[in-house]
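Subject: Structure handover

Hello,

Here is the structure I promised to pass on. Please open it first, then read my notes below.

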Amino acid sequence: QVQLVESGGGLVQTGGYLRLSCAASGSIFSINAMGWYRQAPGKQRELVAVMSTAGTMYGDSVKGRFTIARDNGRNTVYLHMNSLKPEDTAVYYCHVGEVTTATVKYSEVWGQGTLVTVSS
């Protein structure tokens with residue numbers, strides 16, 4: 001079974017920086033896509049950033065401020081969030097796609113979410 005452990009959320013002031021981490025575990029052979037989505041209160045879940053064999057993609061609202069990075073050896077994905085704004089406040093979810101393990105392939109796995117709050 002693939003598990004995702006997220007860390008790094010918290011409270012930060014406008015203009016501040018946070019780094020989120022997500023480590024995948026579970027006899028993993030390969031992961032195609034690793035990324036982050038977020039969901040603010042009353043809004044739909046939206047893409048923040050994703051890295052896959054197809055390339056890197058960012059949501060329009062975070063381009064130029066957020067950077068996604070990936071350590072394939074550790075099956076870990078990071079999200080560096082700079083110049084944070086109150087509208088970035090949301091629960092951030094780690095997402096991995098097309099995961100191959102010793103016994104089974106998963107189309108996708110979601111993390112439990114970590115709260116990021118940006119104060120004005």
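Over the face of which ring does R45 lie, at 3.8 Å from the ring centre? That ring belongs to Y93. R45 also lies over the face of W110, at 4.7 Å from the ring centre. A charge sits over a ring if NZ of Lys or CZ of Arg is within 6 Å of the ring centre and within 35 degrees of the ring normal.

A word on the source: this is a predicted model, where local features need pLDDT of at least 70, side-chain atom pairs count only at pLDDT 80 or more, and totals for chains, interfaces and linings use all residues. Residues are numbered from 1 along each chain as its sequence is written, and side-chain values use heavy atoms, without hydrogens and water.

Next, the aromatic rings. A search of the whole structure gives one aromatic pair (Phe, Tyr or six-membered Trp rings with centres within 6.5 Å; planes under 30 degrees apart are stacked, over 60 edge-to-face, the rest tilted). The ring centres of Y37 and W110 are 5.1 Å apart and the planes stand at 65 degrees, so this pair is edge-to-face. It links distant parts of the chain: Y37 is in strand 4 (residues 28-39) and W110 in strand 10 (residues 105-110), 73 residues apart. Strands are DSSP runs (E, at least two residues), numbered from the N terminus.

Y37 is partly exposed at 23% relative accessible area. W110 is partly exposed too, at 34%. Buried means under 20%, exposed over 50%, partly exposed in between (1.4 Å probe, protein chains only).

Regards

Terms used:
Helix = DSSP H or I, 4+ residues; strand = E, 2+ residues; numbered from the N terminus.
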